[in-house]
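Have the model open and follow along.

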Amino acid sequence: MNLETTYMGLELAHPLMVGASPLTDDLDTPRRLEDAGAAAIVMRSLFQEQIEGEQYTSAQHVEMYADSFSEASSFFPATDDFAMNPYGYLEQIRRLKAALRIPVMASLNGLSTSGWLRYARLIEEAGADALELNVYHISTNLWETAATLEENILEAVRSVREAVKIPLAIKLSPFFTSVPHLAMQLRTAGVDGLVLFNRFYQPDIDLGLLSVVPQLRLSDSSELQVRLRWLAILSGRINTSLAASGGVHTGADAVKAVMAGAHAVQLVSAILKNGPAYLKTLLTEFKQWMEENGYQSVRQMRGSLDMTRCPDPAAFERGNYMRVLNSWRDTPKFSDGQVPQ
Amino acid sequence: MESVKSNIVALEANEAVASVSHRLSEVIAIYPITPSSAMGEYSDEWSAQKRKNIWGMVPRVVEMQSEAGAAGAIHGALQAGALATTFTASQGLLLMVPNMYKIAGELTAFCMHVTARSLATHALSIFGDHSDVMACRQTGFAMVCSGGVQEAHDLACISHAATLESRIPFLHFFDGFRTSHEIAKIAMLGDEELRAMVDADAIAAHRRRALTPDRPVLRGTAQNPDTFFQAREAANPFYLACPDIVQKVMDRFAAITGRKYGLFDYVGHPQAKRVIVIMGSGAEAVHETVDKLVADGEEVGVLKVRLYRPFIVDRFLDALPAGVRSIAVLDRTKEPGGVGEPLFLDVVAAFQDGQTADSPRFPQQPRIIGGRYGLSSHEFTPAMVKAVFDELKKPRPKTRFTVGINDDVTRLSLPVPDDFDIEPDDVFRAVFFGLGADGTVGANKNSIKIISEETNFHTQGYFVYDSKKSGAITISHLRFGPRPIRSSYLIRQANFVACHQFNFLEKFDIVGYARPGAVLLLNAPFKTDEVWSNLPREVQQQIVQKKLKVHVIDAYHAARDAGMGARINTVMQTCFFAISGVLPRQQAIEQIKKAIQKTYAKKGEEIVRRNFAAVEGTLAHLHELTVPGDVNDGKPLPPIVPDEAPDFVKNVTAMMLAGRGELLPVSALPVDGTWPVGTSRWEKRNIAIEIPVWVPDLCIQCNKCAFSCPHAAIRAKVYGAESLAGAPAGFASMDYAAPDLRGMKYTLQVAPEDCTGCGLCIAVCPARDKSTPKRKAINLAPQAPLRQSEAEKYCFFLDLPEVDRSKVRVDVKGSQFFQPLFEYSGACAGCGETPYIKLLTQLLGDRLLVANATGCSSIYGGNLPTTPYCANREGRGPAWSNSLFEDNAEYGLGMRLALDQHKAQARQLVQQLTGSIGEKLAGQLLYADQSGEADIAAQRQRVAELRQKLASLNGSPEARQLALLADYLVDKSVWIIGGDGWAYDIGYGGLDHVLASGADVKVLVLDTEVYSNTGGQQSKATPIGAAAKFASAGKASPKKDLGLLAMTYGNIYVAQVAFGAKDVHTVRAFQEAASYPGPAMIIAYSDCIAHGYDLALGPEQQKTAVASGYWPLYRYDPRRRAAGQNPLQLDSPAPNNQLQQFMVNETRFRMVEQKDPDRYKMLFESAKRQIADRYALYRQLAEPPQAHPATEGSATPSTAKAAT
């Protein structure tokens, strides 16, 4: 049985990889993940705004009271080597590369155009095997159009694409009006892979404090479905690799993701919940299912239930409940008017 | 020898000296004290960066617990053969004196560097004079004095070299602040030059003298009358040889560098008739004046003393012009009651020696007069020098005089000409007025560096700061000129004057600094065409009269546009270069950018980007103002203090506030350092941009806002409705809600002109608007539009009656109805210390004595011109005093002992006079309970009755005596207050002793976990993982557990509190400590700017500190034993997992994480473990005692009680 898969040109032993998370912050956990069989890992995101924001506020706190009182011209040790910069992150790339045999992918989160290029280049120089861009942006601006927003993303991708040669993935949120069209444009802009989808901090309300608090809950399998839909819609029609991210908690979940079209399956919550060794369990389940169901290879299985190949493609389109009438449509038609080959 | 390249750099003397001594030392023991701290900081920083000395080793820098400790460590290092150094000043130097005798007595090669500073006498002063070094001239140290930055650099090297060759230890000193903090362009000595200066054989000899078991000898013997004397004299040849060695080293230095020094350097007319003898920075002002006077044809000169000890008479006399007829010796110190000051006496004795020799050197014995100048950095100007030369010209000059002040009491001062200004036109002079937080000084330091590097100009920068820590003004004095700058005094007439804060124009005569035709740069928050009419009339007049060229910019607008917030430094620096013409504009802008790149490249591209944006955006905002011919539309300047202020405040304090304190005559000042209290109320600082506004509808009257206000600028009162008569329009009032004082009215009022706008009150307010929860019961609003109306309301509020103290339940809320007797201090906005002090004055202020250790709390507590401790309507209030840094516990104990004696004597007299006083009154006076507010009030009433009775006793001696002491029959509370530097380090020995004494004193430790006042050096209270100065990589050892150490005595009340986490607990601890009949100590968590976060978030951060176990709350009350309970109560829960969250919020921890993530992780784990262990230990200690009967006659609490 052949579990191999190709993700953005990288040969992976199987589709199960570790998604962007704090799991890669040290060396011990990544080693254990590799031992458990992870095919690749994505590092925690380097947050451009956070770096810049911290640079700014730290400098403010250090400098605010400097040179204003006779007895002390400063209140902190000299800050020459106090660098609010991504060097720690870059160093971690180098260390992971040295410690692991599996591919190490970096992740970069930001939206403003300044800074992107520099960090992307530094990440490439540090030896990352691929780069995942995370472009989650909450628009609160009444006058910001979807088109502007998408254009900003494309602009960022184009400039990063020009700057680095390593494979480039983009991790999207599900909240785009037309995911396929955006995906196509991203492909044109040069991305090698699409990661579906981002999970974010969501606001919660603290009734005691009458305040809003950001919360991040771990995913569960119920979140997989929205991924399956979009994987299946894009699979076979967009010439990029696809990765499922969010909601894979069992071997069966992983099988579904691959069948919907994923080249790779990113795991985070399942490992955070159950520990690095759980990856092995998932992999065993995944293999077992393939064996039991007579699949020879992942390649054979991948995309087998995507929209172009599944028996009822309309199921992926259906946004509302309605009675399923098999006779309703003879030939599947797609919103872009193409008829699948 | 081959030529070596010298680097030309601009730096302050502290750095210039440290750079030499760091490279010439192996062991450096340090302790922070102003103004020398920076030398220790540089050394520590360089060693942390692994910078090597000239022998290829990284010097070991060790911070000690006091200067005495540093001197001891140095002594040991020297004895074991190391090359060692230290840096200190003032009281710190005095603490080293005992070891200095030893080091000199043992003929040990050693060089220390001292930023000469005033010793505390009638007052502490951090500024420069020679009173500290003069107190060391008998120790046997050689003493070398530098007058400027280049000299300090050079003579530091010469001193290090000379001590090795002479075996006499050297004290190299230079004037605190004036030299230590002056930035000047100098030629730096390279390693090669330093190597060429120190004699390898002398080092080898030093090593051979080391104590070692390989060649044991004995040092430190005790000697008897038979030999001590002779042994003392045995060292004489070394002192005799020393001056020649120093001159030889100076000559070698000249051969290497081309810079020549002599033991005494004469400058002036070769046949001068009148000569001034002086040392230090003042000599440079004299030098400059002599040059000018000689050029004008006068026969005058100056003799600069460089080697003051050993004082070599022959060389001194040889250095003077033979025809000198009169000499004025100027001393920068005062020896009250002496024949004259030290240098004067030395000069007189030198002439005594020289002239009685066989062939007198001087045909005529010159007249020698002695004068004092420049105490505590008091200005010393060419006009004053002129005054001294004028005096020397007189047939009968004053033999003893002062210069620079107006002494209208003993009439010693010389008249100083007003119009004597010798600064040449080719020296560019610029003065900048900035706000501490706006970065003005930093930008100016940067400009000096740029001009030093880009031009051939000589440069000088000197910076004057406020005595307040919040909203502080800074004044930068910059000079650039074609010749070396010797002007060791402030600029008075500048070519360029910049005012970076528009409202300063109201407070200071800024335009007065401008010479005619000068350029004036104003940062004005107005449109250009609105600026003129917003200028005060007096400012308009000066602008017109002096024909100033005025440029204006809305710098805050420009800075905001660039994303720089309120940091206008880059914007204003760009303006300076754009309009001053010191450098071509384009070149200057490139250099500013280069400097930004250099400073911030490693700290972050974003900061570079924003600063660049500020530079690029500035010129669009900068406009030249068309000055109208008329001045009629400006408002006149408001008075400095209001008319209703007391005369002393109007006559003395107001002058100091206006920056004209140096004009006050001697007669205006208290003779013994005693000052009136409560003067901060007369200084309306108006530094808040936004102030809190009360919304009564939402208020739940919890008083948490008032409780946490560091400046007592938001207050609550309950009062009868009848008091509202005559309230100003808009004065808000609501029904008081709680049952205790039902029927009364409640008002929360802000002091709009005293608030610093820190926002703490808003952060702690728990009451929210139900439909718009971001709206609270107090909210910030812009101050300017509210200023006048709120000020009127506040005035009315203050006049409302104070609550009857005996009717209020004393808790968080109730405590805030008591008048704070500590108000509007100069502490930082958001200070975490002052809420505790304020609370203390509310609870006990009318019967409180405070012994305050030197540190932040003594500075905001007692730094003139205005001070915060005040009195209530009855005239009672805290009696506050500061003795030293190291002796505060002892100082407080002394107060207690005196009170106890007074009280005992008063009680004895009451007993003696019982017949006349009456049995009942006497009995009550002696035995009435005084534990509550009502009891205290009743006792005061009895004392009043007693006084009446005593008055009728026809003046019997006993009655008179009792009248004097009667007030001591009312209990007083003695509190010993200080920071962690005092309690954990320098004062710990005394603190431990005083706590152990069982005396009824209370200790309040304001724990900021660093030496805050001197700039964030680590103390033993600094926690694991925090970066602090002297622990820049993050402290690896745990915080000392001061509370646990005190608990081990068993009879000391100990509490650890954090008001932001649990205010109820804080109040309870203060009450329990106060009522405990014996020693008590409260360790109070105090947020500080040295932690590096927005202090308005302090209470939140304190909550996390407590929840994470970082700062456990507890109370150890020995009284509980009597009830069979464990004395220790743990008042906070087991550590949760918030330590990381706590640490990541503060820059002090984040710095370590950024610098070295692995080390941070290791330190974090270690901190986590330590916290868990400590909690486990506390929990074990707090477990209920085993069931056994309470031991009779145990140490507490019965004995403690009996002790009172």
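Start with two tyrosines: Y31(B) and Y1011(B) are both buried (under 20% relative accessible area with a 1.4 Å probe and protein chains only; exposed is over 50%, partly exposed in between). This is a predicted model, where local features need pLDDT of at least 70, side-chain atom pairs count only at pLDDT 80 or more, and totals for chains, interfaces and linings use all residues. Residues are numbered from 1 along each chain as written, chains are lettered from A and ligands numbered from 1 in written order, and side-chain values use heavy atoms, without hydrogens and water.

Over all chains there are 46 aromatic pairs, meaning Phe, Tyr or Trp rings (for Trp, the six-membered one) with centres within 6.5 Å; planes under 30 degrees apart are stacked, over 60 edge-to-face, the rest tilted. The rings of Y31(B) and Y1011(B) have centres 5.5 Å apart and planes at 90°, so they sit edge-to-face. F822(B) and Y860(B) are also edge-to-face, because their planes are at 70°, with centres 6.1 Å apart. F822(B) is buried at 1% relative accessible area, and Y860(B) is buried at 4%.

Now hop to chain A. The axes of helix α6 (residues 179-189) and helix α7 (residues 224-234) of chain A come within 10 Å and cross at roughly 55°. That makes α6(A) oblique to α7(A) (under 35 degrees is roughly parallel, over 145 roughly antiparallel, 65 to 115 roughly perpendicular, the rest oblique). V179(A), P180(A) and A183(A) in α6(A) meet W230(A), I233(A) and L234(A) in α7(A), with contact meaning heavy atoms within 4.5 Å.

Terms used: Axes fitted to C-alpha atoms, helices over the stretch in contact; angles between N-to-C directions. Helix = DSSP H or I, 4+ residues; strand = E, 2+ residues; numbered from the N terminus.
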